[in-house]
Every structure is written in structure tokens, then in C-alpha cells.
Amino acid sequence: MRKYFLSLVAVTLMTNICAQQSNVRPAIPQDKKMEQTIESLLKKMTLEEKIGQMTQLTIDVVGKGMNIFHTVIPFEFNEALLDTVIHKYKIGSILNVPGSTPQTRQEWTDIITRLQKEAIAETGIPLIYGVDQIHGTTYTVGGTLFPQNVNLGATFNRALSAETGRISAYETKAGNIPWTFAPVLDLGRDARWPRMWETFSEDAYLTSELGREMVIGFQGGNGTTIGKDYVAACLKHYMGYSVPASGKDRTPSYITEYDMREKHFVPHLEAIRAGALSVMVNSAVDNGIPFHANYKYLTQWLKEDLNWDGVIVTDWADINNIYMRDRVAATKKEAIKMAINAGIDMSMDPYSWDFCVLLKQLVEEGEVSMTRIDDAVSRVLRMKFRLGLFDKPYWNIQDYPDFGSEKHAQAALAAAEESITLLKNDENILPLTQGKKILITGPNANSMRSLNGGWSYTWQGDRADEFAADHNTILEAFQNKAGSQHIVYEPGVTYKARGSYWEENTPEIEKAVAAARNVDVIVACIGENSYCETPGNLDDLTLSKNQLDLVKALATTGKPIILVLNEGRPRIINEIVPLAKAVVHIYLPGNHGGDALAKAVYGDVNPSGKLPYTYPRHANSLITYDYKPSQSQDRMQGAYDYNAVVSVQWAFGYGLSYTTFTYSNLKVNKSSFSANDELTFTVDVKNTGSVAGKESILLFTSDLVASSTPDVRRLRAFDKVDLKPGESKTVTLKVKGSDLAFVGADGKWTLEAGDFDVQVGNQLLRLNCPVGHKWENPNK
């Protein structure tokens, strides 16, 4: 079977992989002069130089050793290894953080400037340095850390996503880093998955909209050229990475091709059309084929169908995984052959230069063509030219005076504030009035680590308390807001310092209960400690027993409890929700999350976040909002009772406010439509409460009958308005007729004749499509 698979790939590769579909406009406009320069440079390069451009190694390969004691020490080059990497193997890209320690802007500049000078002296071609700047300036000391993507999803605010990208790019560039491995465009559709918090949403449309805006923020335009204050974006993880069958990171998925195209591919498609310069590949296996060896998805869907000339880079050591883990290749050499022929342009190896040796052998043996090599290298060179690295490979940090500025901090604070999601507020206990005595308790109450999550100064985020010490924890923010005399702190449950996310110390719940008897209100800060990728895998989605026991014990005091959820994924809390008067979800709000929460609890900020995912009620009943009709049946007719009742804790798009909004007068410009029409909806939204507030207006559609069983509803448009008390606005939402199409069993986009229901708030109307349409091109 393996020989047949390899033969099939070889036959497919007879098509020139450089050829693009002539009827598809280039995803990124090309500069003819630049293309001529690239072609001329390729002719002058040796095979060794070309393969070097296709190789990416981690910075520690050229350093004197890892920082195993977790102390801040300056990075030092190992001169012999630097000579081997740059001058012998002519490596074209370096990534990552020295010794797992964030660097200052000057340290980054010193490291990258030295690397650039060495590379240019050897080949005349600058390096490209890449780092995972996931939620702000993740790995630069003193930079601005924004809320994680899941928070941005909760804002339903495109402008905030764009501004996050813009500021992140500016501050990344301030450290001489031109390439960020962001944004994450996976769909957070399985609460068990440990990277839920890196995603914007479970929904493909919301992810597409926010992802596109972040790419524009990162790159500053359509990708043709990247200006001084911007960086190259890298979409990840292409694609379907977030729905492994087991729920555990980097384990296999089994995604139908129509589900892949209709949902998982869509955010990448939108971002590519916005000019994204690079893509990082899904580390796992789908339907038995490693993504890094999937010619159809890498070359056909991405490069050819979209006429895209950007770079496809592997994730960490994933060519090795083709043979070591997935066992579809017998050796690394065979794995390299499969990956490069499938469409990989750059290998994040990341510790060994044997990729260079083995790929050279494959070319000399005729197993990898020079056409494929030249295609890959031209893509890498093109990205470097578009970034302006040939003209200016390094720069002065003084060119970026707004790095870590107060105005950037205010932007991060605003994003955190707007993401706060009020899930329960019985008897309008919130906002609190000043003067009440408050118990701040729970393991997340006094931790910058839990506020930030992973990818924060370090991979696991476990040193955030050290590097973010000048920012406020929840406890410190409440002390500043209410006055220390009104705040009592007794955690009851604490996390193990620098431990794994699930490790907790011996609880002291009785101390918290004793403290609660002398206060007016309890603020219980619960959730998760930081984690990232595979170390965040879990076996039980239920919140830890210690934390559940803490809330139950506090409830015996009779004092009102406000639950603050500070977690990267929705942990099961159905036992304690009834015990709380209010539930406030802050997700992973970053360095300014404590301040944002305190402002919301005391009414300076009116919560306007809405859940970007479905919050499950039970660990074994996970579902997304766009489920199938059979999943909502109350009872099956006849002898069999399958009890397939959808029961969730809170629905996608749910979120309360300190004010109330009413919807009325939903209209559409045409109730009968075709695939080529644009539908314009208007709805009146009024603030009927006593305080100003922001409201996200979500438009859902339902295809009532289809040849392939339809999703019960799909988000098709959204906007956000800010209304004063008594103020009303008419909101306009536009939906293309083609947006109501689905991918059929034949893999083609199809809009079928029939009826569609539309819902905005409590407003409903019905549309009719009298004549259907099927697209012959793979993308609409």
C-alpha cells in the first residue's frame, strides 16, 4: 500500500507544480522586476545554496547552550557551530528564542544583526528570522501582550483584531524580527483540545473575518511589499489541526473532504486572498495521510487553485514525524522526498542540518526535481524581497519609539475589556458598588501566568509572573480599584509554582471559608494555569476537584459568589454554576486582564463579549452551534430512544450586559435571491436600559431542506454598535447569495433552490432561492 501511495504521488508530480490555473487571479500581485531579479539570482545559486534557503534551524543550534537554570543570561554564539550552519550549509532561516528566555529589543537586534552579516557575507542573501509572537510581542521583554485570540473572538470586533496585528507587528519589527508565526486559523470546535485558546472561534466565518483583519494588521497591505512597521504573517495550522478524534494535540483526525473545504479551509482561503505571505502546516495526520505529505492539500488546493506564490513551512520537526511517528516512510530521506514533492518549501528541522545533506542526495538521484527546488527557493526569496530584507536586513531599535508605549497598553486593555463575557448576573448583583468588603479567592486570583496563558515570555507561559511583574494580577487590580482595606485575599487553592498546568498544592479551603464569613461578596477566580500544545492535553474536561470543592464550601457561608472563569478552554462547571450569583468569563486576557476585570466588576466597563464557542454542560456531550438536525431531537419515534438532546451550559454567541437591547424591524432588500445577488439586511437595535453598552449583532441563516443534511444554523454576518441609554441605530448587514451555498458530497459548492430562515436577535424572516447554482471551480 505504501508503494502504491508513493507511486500515486510520483505520477501526480508529473504536472509542473509551478503552473497555476490561468483563470485564477494571483492571490498576491507580483512585481515583474522582482520576479526577474529572483530568476536571475536562482541561475547563479549552487544547489547547496538553494537547499540552505529551504532549511530552518532553531537559534540554540548556534548557541553555547540552553538556559537550563531559567536565569536571564546573555545569549552567546558558538563560533564553530555558527560557521557550520551559515558558511558550510548556508542556512537561510533561523527561528525561536535563545534558551527559552525572552530577549530585550537590543539583545534581539544584536543576535539577528550578527546572523545577517554572516549570511550576507557567505551568499549575499539575508536570513529570515521567525518567532511565535502569538498575542502581542510574546518573546520581547517590555513589549505589549494582548489578549489571546479566543478573547478577540469574544469581542466580535474586526477593528480590534486588525489593531492587535498592527501593534504586534510594530513591536516585533522593533526587535529586528520580520516574520511571525501567526495568526492561528484553526477552528476551536473541540473543548478537549489544548490549543482552543489560540483560536478565534469554533465558527469558520468569525475566524475568517478576524483572521483576515489580523493578517492585514500584521502585513499592512495586500502582501506585495511589507513596509517598515510590518511583518510577514504565517497562517497556521493548515488545516483541520484542531479536531483530532481523541481531543489530544497532534493526534489523527478524520475529516470529510466537504467539511474540510466548507469549514476548515475557509479561514485560510480568506487570509490568502488578503495577501498572507506564508503558511505553516498541520502537524498531525488526517484520514491516514500526514498533512506534510499531502500533495492535494498543499500544492493543489493552496498553491495551484489559489494561484498563491507564498511559502509553506513545516511545523517543528514534522518531516521527522513522517517516518518516526507516522511510519509512512522508512527513513528521514524518504520522508524529505515525500514532503518536498508534496509542496513543502521550507523545513523547520529544527536541530539538524542533515536535511541539507539528504535533500541534495535526492536531487542528485532524480527523486526531487530541480523544478521543485527552484519553485520552493523562489518562494523563499520572494518573501525576503517583499519584506525588503535585501535592502535592509537589520535596523536600529530607535526607529520604533512606540515600542511598549502607553498607547499600545491602552489598546491591549481595550481589547481585554471588550472580550469580558458576562454569563450570569442574578438579581443584577453586578456591577458592585464601592465600599463592600470582598474576598478574592481561587488559584487564578494572584497570577500573571494564568491571565496570559501559553506563548507568554516562554512556550508554556510559566515565567509570566517573573517577566510581567509590573502588571496587575486580579488581586492587585481589585486592591487598586476598591482600596486594600476592602479586599481580603485567601486563595484556598493554589497552583504549584512553575509546575504543569494541572498541578495544585494541598488545598487550604477552610482558610478561605473562614475569611468568607467576614466579607460581603466572594470573587472566586477559577480555571486553569497556563499550558501550550501537547503538555496541555487532558483526560477529564471537568474543572479540578479542589476548585469545585472550594466553591461548594464557600457557598455554605451564604455569601454571594461571583465566579470568574480564567481558562483557555471551557472546563465543566455545571455543579457550581447554580451556587453563583454571577459568572464572568475573562478567558486569557493578557497583562491587562486584571485591570479590565476590576473595571467591569465595578461598572466602569459594561461587559459586551459573547461566547465565540459553545460552552459544554457535560464532558461527554460536546457539540458546536452548527450541529445537524438529528442532534437536537427530543426523542426518536418508535421502540428506540436515543436521547439525543442537545444540552449546553451556554450557547455560542451568548453574553449578557448591564443594560438591555431590543431588536425590531428586520428587513431585507429582496426576499427572493440568486447566487449572484447581494442581500442587504437592516435591523433596528435600541438600548432600552439605563447605561451605555456595546452589542454584537449576529445574523444566522438556516437552510430548511438540502440534499446534504444541513447545519441547523450558520453565522453569516455580524457587526457591533455602541449605544447610549435610549439610543437606537439601524444596523446594516450584507450577505452574498453565494454565502448560503454548501459543499456537497461531490466536493463542489452548491446553492440549492429552496427556503432559508434568517434570524437576528429575536427577529425572523424567510428567504427563497428559486434557482440553484453549482460552482465548477473549487472555490466560489
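Me: Which residues does Leu359 touch, not counting residues up to four places away in sequence?

Reply: Contact means heavy atoms within 4.5 Å. On that basis Leu359 touches Ile51, Met54, Ile336, Ile340, Val368 and Ile373. The model is predicted: local features need pLDDT of at least 70, side-chain atom pairs count only at pLDDT 80 or more, and totals for chains, interfaces and linings use all residues. Residues are numbered from 1 along each chain as its sequence is written, and side-chain values use heavy atoms, with hydrogens and water left out.

Me: Which residues touch the most other members of the largest nonpolar core?

Reply: In soluble globular proteins, nonpolar side chains tend to be buried together. A nonpolar core is a set of buried Ala, Val, Leu, Ile, Met, Phe, Trp, Tyr and Cys residues joined through side-chain atoms within 4.5 Å; buried means under 20% relative accessible area, exposed over 50%, partly exposed in between (1.4 Å probe, protein chains only). Here the largest core has 172 residues, and Tyr238 and Leu359 touch the most other members. Helix α15 (residues 370-386) gives the most to this core, with seven residues; helices (H or I, at least four residues) are DSSP runs, numbered from the N terminus. Another core, of 39 residues, lies apart from it, and Leu432, Ala464, Ala468 and Val584 are among its members.

Me: Is Thr109 buried or exposed?

Reply: Thr109 counts as buried because its relative accessibility is 7%. Thr109 is found in helix α5 (residues 105-123). Leaving aside neighbours within four places in sequence, Thr109 is in contact with Ala174, Gly175, Asn176, Trp395 and Ile397.

Terms used: Helix = DSSP H or I, 4+ residues; strand = E, 2+ residues; numbered from the N terminus.
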